[in-house]
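Subject: Structure handover

Hello,

Here is the structure you will be taking over. My notes on what was found in it follow below.

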Amino acid sequence: MTTQILHPDLERRVAELEIETNQGGGFTGVDWLWLAALGVVGPVLILMWGWAS
Amino acid sequence: MSDNSGIEQSGWPLAKADRRWTQRQLFVVLLVAAAATWCYIIGEYVGYYLNLRMGAAAMTAGSMIGMLLVTLAVVPTATRYGIDSVAAAKPQFGNRGWMITVFLQYVSIIGWNSLLLIFFGKSVAQLLGVLGIVDAENASLVVRVVSALACVGVFLVLMRGATGLERVSTLLFFFIVGIGLWMLWLLLTNQSDAIAAAKPAYASGSLQWDYVTGIEIGIVSLLSWWPYIGAMVREAPNAHTATLPSMLGMGLPVPVLSIVGLAAILALQTSDPSAWLVQLGGTTYGVIALLFVIAANFGTALAGVYATGVGLRQVPTLANVSWNMIVLMGLVPVAAVSILVPDLFFSNFGTFLAFIGVFFAPLCAIQIVDFFLLRGQRINIRGVYLQGPGTPYAYWGGFNPAAVLGMAAGFATYLYLLNPVSYASHSPYEYLTASLPTAFAGGLVYYLVTILIVKPAGRGDY
């Protein structure tokens, strides 16, 4: 691994974000439900509605 | 909101303490970014092939599918580490290959902003013509001058960075939503018979082909949000805060406002509200339409140039250039297109849309496959900022062959399925669209090359 010196402020930020508790959380179960509803199920239903016209 | 403009403009990751946008704030910013008059042009294109009901369904479904791809590709990484779309692509493309994504971001945002500002200029010229202030001979000059003035306005606001963006977005939010819904109501109540009787001008004769083309236009339009979204969702503390603002705030306004353009082109043969509102309600309505165009396009142009600035900051040689100079780099090409070739650019909108699908569909798929299937939803944040050989994302010469081959596979798939210039298609386009198979091909090739070559070679920090 190459040793590089980052700008002090960037180094502070990177070091902070390397600790998992300082990272933002990922999608929750509810988020996945919303994503499925709005990005998959909803579009399928809308397409069925539109095609039936 | 505190002023974090220094760090926001640096392109460095936002630490936990910096990311304080609430769901409501993010929703407003994303909605204002999405709600622009390109929606009318998108609706106009769909109106060439489909009636109101089928067009609205195809656009809405396509838009939400496109927004899902962009959300899955960018939001998890951007909100976990506080980084923008371009930085989030470094683990996949390598610490030199990510320049591909900077180029794509730069070109697409310049394209969209040029479109917006030319539309803005055309609307002003249209209204001044109706009012008898400008004659047809000088309309072209008005388009150019107004576009240039809009660029100056964007520059002045963005001198304040994301703080300026968020404050202006809040002001524009209610105006854009209110007037947009009013225009939709006006069209549907006053022109319902004309809309019902209208025949799409370029219907192919195959309803299925036309329907899929409407879906395709919706998907590629929303894939355009890839370059924009990262710079904004990284201000949120986690993916949960960004999920609904992304899907509903950024995904839904485009099809809703596109229905205005779709209905207008079917009933009145023009999608420009400053033209058809004058037909319906005289110059008072025309002035309202113009104010809407100004508000909607200004907010989106702001978001676009801001995102470009954050993306350009990732380029090492631009790391120490002043923020104002970075903003100018995003604005000068827009001004050049708007002033020099406004009509040429405006009339090739369909080709520009296809360009978006060609590149951003596989790009999204590559990021989704990498983050969720190959990396266990983690990246090496230090590796994103390390340059040169021996660093986590050095791959081979700074390029990840899996990403390059994935993009190439997607490119070839799209070109086979749909010609971006002529819109001539090959099966199974009429069943699957062009963007979805393109994304699948890009993601699959990326996955296979990574599993078979990159990981066994110990490259890419897997």
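**Chain B as a whole**

In chain B, 59% of the 462 residues count as buried. Please keep in mind that this is a predicted model. Chain B holds 22 helices and zero strands. Its C-alpha trace spans about 65 × 50 × 40 Å along the principal axes. A compact globule of 462 residues would have a radius of gyration near 23 Å, and the 21 Å of chain B agrees with that. Among contacts between residues at least 6 apart in sequence, 84% join residues at least 24 apart.

**Confidence**

The scores for the model are ipTM 0.95 and pTM 0.89. Chain B has a mean pLDDT of 88, with 96% of its residues at 70 or more. Within chain B, confidence is lowest in helix α1 (residues 5-8), where the mean is 59, and highest in α22(B), at 98.

Nine of the 12 residues are buried, so α2(B) is mostly covered. Among the buried ones are B:Leu26, B:Phe27, B:Val28 and B:Val29, and the run of buried residues listed for α2(B) also includes B:Ala33 and B:Ala34.

Helix α7 of chain B (residues 99-130) gives a similar check: its 32 residues should span 46 Å at 1.5 Å a residue, and its end C-alpha atoms are 46 Å apart, in agreement. α7(B) is mostly covered too, with 24 of its 32 residues buried. After α7(B) comes B:Gly132, which has a positive phi near 80°.

**The contact with chain A**

Chain B puts 38 residues into the contact and chain A puts in 31. On the side of chain B that touches chain A, α4 (52-81), α13 (239-250) and α19 each supply at least two residues. The most comes from α4(B), with 16 residues. By type, this side of chain B divides into 23 nonpolar, 10 polar and five charged residues.

**Backbone points to look at**

Most residues other than glycine have a negative phi, and most peptide bonds are trans. The following places depart from that.

- B:Ser427 and B:Pro428 are joined by a cis peptide bond, with omega about 10°. B:Pro428 sits in the loop between α20 (401-417) and α21 (429-432) of chain B.
- B:Gln377 is not a glycine, yet its phi is positive, at about 65°. B:Gln377 belongs to the loop between α18 (349-374) and α19 (381-385) of chain B. It counts as partly exposed because it has 13 C-beta neighbours inside 10 Å.
- B:Thr433, again a residue other than glycine, has a positive phi near 70°. B:Thr433 is in the loop between α21 and α22 (435-454) of chain B. With 27 other C-beta atoms within 10 Å, against a cut-off of 20 or more, B:Thr433 is buried.

**Loop positions and distances**

Where does B:Pro316 lie? B:Pro316 is in the loop between α15 (273-313) and α16 (323-340) of chain B. B:Pro316 has 10 other C-beta atoms within 10 Å and is therefore exposed, the limit being 12 or fewer. B:Phe349 is 33 residues from B:Pro316 along the chain, and their C-alpha atoms are separated by 33 Å.

B:Arg160 is in another loop, the one between α8 (136-158) and α9 (161-190) of chain B. B:Arg160 is partly exposed, with 16 other C-beta atoms within 10 Å. B:Arg160 and B:Pro316 are 156 residues apart along the chain, and 22 Å separates their C-alpha atoms.

Regards

Conventions: Residues are numbered from 1 along each chain as its sequence is written. Chains are lettered from A and ligands numbered from 1 in the order in which they are written. This is a predicted model: local features need pLDDT of at least 70, side-chain atom pairs count only at pLDDT 80 or more; totals for chains, interfaces and linings use all residues. Helices (H or I, at least four residues) and strands (E, at least two) are DSSP runs, numbered from the N terminus. Two residues are in contact if their C-beta atoms, placed from the backbone, lie within 7 Å. Ala, Val, Leu, Ile, Met, Phe, Trp, Tyr, Cys and Pro count as nonpolar, Asp, Glu, Lys and Arg as charged, and the others, Gly among them, as polar. The expected span of a helix is 1.5 Å times one less than its number of residues. The radius of gyration is taken over C-alpha atoms; the globule rule is 2.2 Å times the number of residues to the power 0.38. pLDDT is the predictor's confidence in each residue, from 0 to 100.
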